[in-house]
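Student: Could you show me how to read the features of a structure, one at a time?
Tutor: Gladly; let us look at it together.

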Amino acid sequence: MSGKRHVMAIDVGTQSTRAFIFNDKGEIMASARSIYDPAYVSPHPGWAEQDPDMYWYKVCLVCRQLWQNSPVAPDDLAAVALTSQRNTLINLDKDKKPLRPAIVWLDQRRASDFSAIPRWLRAAFGLVGQGATVDYLMAEAEVNWIRQHQPEVLRQTAHMLFLSGYINYKLSGRVADSVGSCVGYVPFDYKKLTWAGPLSWRWRALPIEKQWLFDLVRPGEELGRISPGAAEATGIPQGLPIIAGASDKACEVLGSGCLEPHQAGIGLGTTATINVNSDKYIEPITLLPPYPSAKAGSYNLEVQIYRGFWMVTWFKEQFAQLEQEAARQRGIAAEELLEELALEVPPGSLGLVLQPYWSPGVRFPGPEAKGAIIGFGSAHHKQHMYRAMLEGLAYALRDGRERIEKRTKKPISELWISGGGSRSDLAMQIHADVFNLPAARPHVYEASGLGAAILAAVGSGVHNNLDQAVAAMTRKGRVFEPIGQNTRIYDEIYDKVYSRMYGRLKKFYNHLMEITGYPTPPGQE
């Protein structure tokens, strides 16, 4: 076991970059944060791009800030690990310089030219009823859009990395990334947790050359060492071990202590998710793979609600200008005022029910999906809609829970909630009531950073193994107990109304897509 008892974690998120020092008990000893301004740029509607070196600049900035308020000296660190947003893609040339802005995971552009895909392959998927799903996946793949619209970029590409791999390269000089960060449209075999075999259909569906890809390192193993240049730029000691981390969601699950199938980790972030860790490969939804876990060799069974807690920002910007001004005068966040108002609304929002499909999915919901709100009456005001939005998100995640339980055959009995939405006491209570389970916050808000720190602690010998590290570094914070009367109301609404909405409305969503062209069907852009 290492004599040094502190580790560093870097979290490169969608809105900001953060750096932390944790001790061996999972307590934050120091932290620093820098917000992006802007989080991304949109040269065209729906696009989301960012300069890759902006992320590296922010990493250097927060590391320098960290040492200014840290009681722990840099030389007392045992290791550092990185976690980051998923599926933000970067093309590098032979000199490892970015060829274009990074395509951020929020980007909505789609490819429409699939002529390079063999007809027999598309026909084969069509025969088994999966043609639309494969079309959706190929349309979403950033590299297919680049092939169609910027072929010169592909001609010059020598390396293709996720954002995590790019930052790992800038820190170590090695073109490598964690297996736990491989979530995106690349030829990755999610079952074997390695690059797809040479005969895989993925190489035909994606114009990616094998030599462009990076070395894979298992989470918790050494990926490299801090290079002289990175040490000068960040203040992290030269030669400090870099331990392979995992994606932000995978680290969030680990930082919540959720390693067993009966423990569900809910992330109330821009995309809301429910995750269960599994040592077996189980598709949470047919033909959608589980993602790599932060526990090496394991999987996260994940159901996503796209634009999940982002809806709070959407609602605030579209409908709550008066509340924003009132909150500003009181010196509080607008979300706090909206929550105060929503607390006056009874569970069930007087019959207002919202289905939070603000952005379509692949199979759950399908690419035709739209949001829906039913039950309006003259008694309803903004606060009813706000509460219905939080309830609808909890219903959608409960649906995800049932889908996961159906696949694993194991009931979920523990609920851990993290992410920005977990700061809302109202959201926490609603989830406890809708799930009829105690809902616990992790003891630190920064669960993804803690997950990376746990991997750094294991990889450097601060703790002997992952189970020991999780036992020592994770624990519950505040726990919200379900309220029986509320649960009964939510059960009835979920069973009699919410769970039936999508099936009843699906054909109307398809009609609306055909009539208006929104959202555009894959392959028809």
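Student: Is Ile412 buried or exposed?
Tutor: Burial is read from relative accessible area: under 20% is buried, over 50% is exposed, and anything in between is partly exposed, using a 1.4 Å probe and protein chains only. Ile412 has a relative accessibility of 4%, so this residue counts as buried. Before we go on, note that this is a predicted model, in which local features need pLDDT of at least 70 and side-chain atom pairs count only at pLDDT 80 or more, while totals for chains, interfaces and linings use all residues. Residues are numbered from 1 along each chain as its sequence is written, and side-chain values use heavy atoms, with hydrogens and water left out.

Student: Where is the place of Ile412?
Tutor: Helices (H or I, at least four residues) and strands (E, at least two) are DSSP runs, numbered from the N terminus. Ile412 falls in the loop between α13 and β21 (414–418).

Student: And which residues is Ile412 in contact with, leaving aside its neighbours within four places in sequence?
Tutor: Contact means heavy atoms within 4.5 Å. With those neighbours set aside, Ile412 contacts Pro261, His262, Ala264, Val276, Arg401, Glu405 and Leu437.

Student: How many residues apart in sequence are Lys210 and Met160?
Tutor: They are 50 residues apart in sequence, and 9.8 Å apart in space from C-alpha to C-alpha. Lys210 sits in the loop between α7 and β12, and with a relative accessible area of 55% Lys210 is exposed.

Student: What about aromatic rings?
Tutor: A pair of rings is described by the distance of the centres and the angle of the planes. Rings of Phe, Tyr and Trp (its six-membered ring) pair if their centres lie within 6.5 Å; planes under 30 degrees apart are stacked, over 60 edge-to-face, and the rest tilted. The whole structure holds 19 aromatic pairs. One of them joins Phe162 and Phe214, edge-to-face, with 6.2 Å from centre to centre and 65 degrees between the planes. Phe162 is in strand β8 (residues 159–162) and Phe214 in the loop between α7 (202–205) and β12 (215–217), so this pair links distant parts of the chain, 52 residues apart. Both Phe162 and Phe214 are buried.

Student: Why is the pair of Tyr395 and Tyr494 tilted?
Tutor: Because their planes stand at 40 degrees, with the ring centres 6.2 Å apart. Tyr395 lies in helix α13 and Tyr494 in helix α17 (residues 484–516), so the pair ties together parts 99 residues apart in sequence. Tyr395 is buried, at a relative accessible area of 2%, and Tyr494 counts as buried at 3%.

Student: Which residues do ring pairs link into a cluster?
Tutor: Phe162, Phe188, Tyr190, Trp195, Phe214 and Tyr291.

Student: The charged end of Arg109 sits over the ring of which residue?
Tutor: A charge sits over a ring if NZ of Lys or CZ of Arg is within 6 Å of the ring centre and within 35 degrees of the ring normal. For Arg109 the ring is that of Trp47, with the charged end 3.7 Å from the centre. The charged end of Arg423 likewise sits over the ring of Tyr445, 3.7 Å from its centre.

Student: Now helix packing: at what angle do the axes of α14 and α17 cross?
Tutor: Two packed helices are described by the angle between their axes and the distance between the axes. Axes are lines fitted to C-alpha atoms, for helices over the stretch in contact, with angles from 0 to 180 degrees between N-to-C directions. Helix α14 (residues 425–435) and α17 cross at roughly 65 degrees, their axes coming within 7 Å. Ile430, Asp433 and Val434 of α14 make the contact with Asn486, Thr487, Tyr490 and Asp491 of α17.

Student: At what angle do helix α9 and helix α15 pack?
Tutor: Helix α9 (residues 248–255) and helix α15 (residues 447–459) pack at about 80 degrees, with axes 6 Å apart. That makes α9 roughly perpendicular to α15; angles under 35 degrees count as roughly parallel, over 145 as roughly antiparallel, 65 to 115 as roughly perpendicular and the rest as oblique.
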